[in-house]
Amino acid sequence: MSDFYHLEAVLTDAEKAVVERVRHFMTEHVAPVINDHWSRASFPHDLLPAFAETGIFGLPYDGYGCLGGSKVLNGLVERTISQVDPSMGTFFGVQSGLAMGSIYLLGSDAQKAEWLPAMQRLEQIGSFGLTEPEVGSGISRGMTTTCRRDGDHWVLNGQKKWIGNGTFADVNIVWARDEGDGQIKGFLVRKDTPGFTAEKMQQKIALRVVQNAILTMTDCRVPHTDKLEHANSFRDTAKVLKMTRVGVAWQAVGCAAGAYELALAYAKEREQFGKPIAGFQLVQDLLVRMLGNVTSAGCLALRLTQMQEAGTMNDEHASLAKAFCTVKCRETVGWARELLGGNGILLNYDVGRFVADAEAIYSYEGTREVNTLIVGRAITGHSAFV
């Protein structure tokens, strides 16, 4: 209903089967239970074996048990997941994109062999520790978590905040500034490492199913073999973020599409003044505005992903999509809530969950303002960063 311009038509039949497999999992397994988990801020761990059977984790990577599929397929899978629940879309993005992606792009052959196959099967869960309690957008220059070489180990000290999957991750990708050369290094911090703790963040109003944590490293000793071999500066960190920012754009498209489809179904069933509200002009106007947002954002995300596939995507391309798609998502879920009236704030109508979750998608992996400045610098030739 929301794929008005038939974006999935670009997929092969085999790729369409993957999307359908994911769609079946989300509608049959996730949709019936997700509101209960959202209200309790709990994660459906029992669904992970079935989620793993979809085979989508590490989808665009070659080898290590991964499908080696196209980036376009990966994007449409992200859309399909987020269309039912943005929290599960975020879990997929953290596990498959940020965590597995860091290892795939920056890890040694031994590190890839140790972690990627098990993470693809969801036998091992990963997190991505970059943001800190006092530093978000300025993390490249302002990172306070430190590391120093001590023989065959590295000693890490500091905290990370908003770390998705952090409460139950088996391995945490932690970024720290080297006291020796001042450069950012990446580490594989195992959950049982002495000096490492993960504390669940409480009282969130968005993505409540996602288990965000504050990670604390206190003289945390990590073997040199668990330092990401090719993660030696923030430029390396940025390679991961550039790749995954595309996924956030698709999450926003999915979130908006889910809210639109809920609003459309509601409009066809809800009656006022003796007929379905779908027959009223103002309601149709809202629906068409929503569909326009979903369609334009989806087309932008698709073209961006095609550029990524071709190797022609730059930082500013990814930043424009992240900023635009999340703004349109936020606008769309607001209109869906408006269409439902008072029912829009009841969890059992689902739309309220999308409204709340859109706020997190709008902010993470680069705020609108920061992404705007990245694009602005590219089109003007002048940097407005402080």
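In which kind of crossing, left-handed or right-handed, does H5 pass H8? In this predicted model, H5 passes H8 in a right-handed crossing. The crossing of H5 and H6, by contrast, is left-handed.

| Helix pair | Angle | Axis separation |
|---|---|---|
| H5 (residues 86-106) and H6 (residues 109-120) | about 160 degrees | 9 Å |
| H5 and H8 (residues 234-269) | about 160 degrees | 10 Å |

**H5 with H6.** Helices H5 and H6 pack at an angle of about 160 degrees. Since angles over 145 degrees count as roughly antiparallel, H5 is therefore roughly antiparallel to H6. On the H5 side, the contact is formed by Gln95, Ala99, Met100, Ile103 and Tyr104. The H6 side contributes Gln111, Lys112, Trp115, Leu116, Met119 and Gln120. By class, the residues of this contact comprise seven nonpolar, three polar and one charged.

**H5 with H8.** The axes of H5 and H8 lie 10 Å apart, at an angle of about 160 degrees. That angle makes H5 roughly antiparallel to H8. From H5, the residues in contact are Pro86, Gly89, Thr90, Gly93, Gly97, Leu98, Gly101, Ser102, Leu105 and Leu106. Their partners on H8 are Asp236, Lys239, Val240, Leu241, Met243, Thr244, Gln251 and Cys255. The residues of the contact of H5 with H8 divide into eight nonpolar, eight polar and two charged.

Conventions
Residues numbered from 1 in each chain as written. Predicted model: local features only at pLDDT ≥ 70, side-chain atom pairs only at ≥ 80, totals over all residues. Heavy atoms only, no water. Axes fitted to C-alpha atoms, helices over the stretch in contact; angles between N-to-C directions. Helix = DSSP H or I, 4+ residues; strand = E, 2+ residues; numbered from the N terminus. Parallel < 35°, antiparallel > 145°, perpendicular 65-115°, else oblique. Left-handed = near helix turned anticlockwise from the far one by under 90°. Contact = heavy atoms within 4.5 Å. Nonpolar A, V, L, I, M, F, W, Y, C, P; charged D, E, K, R; others polar.
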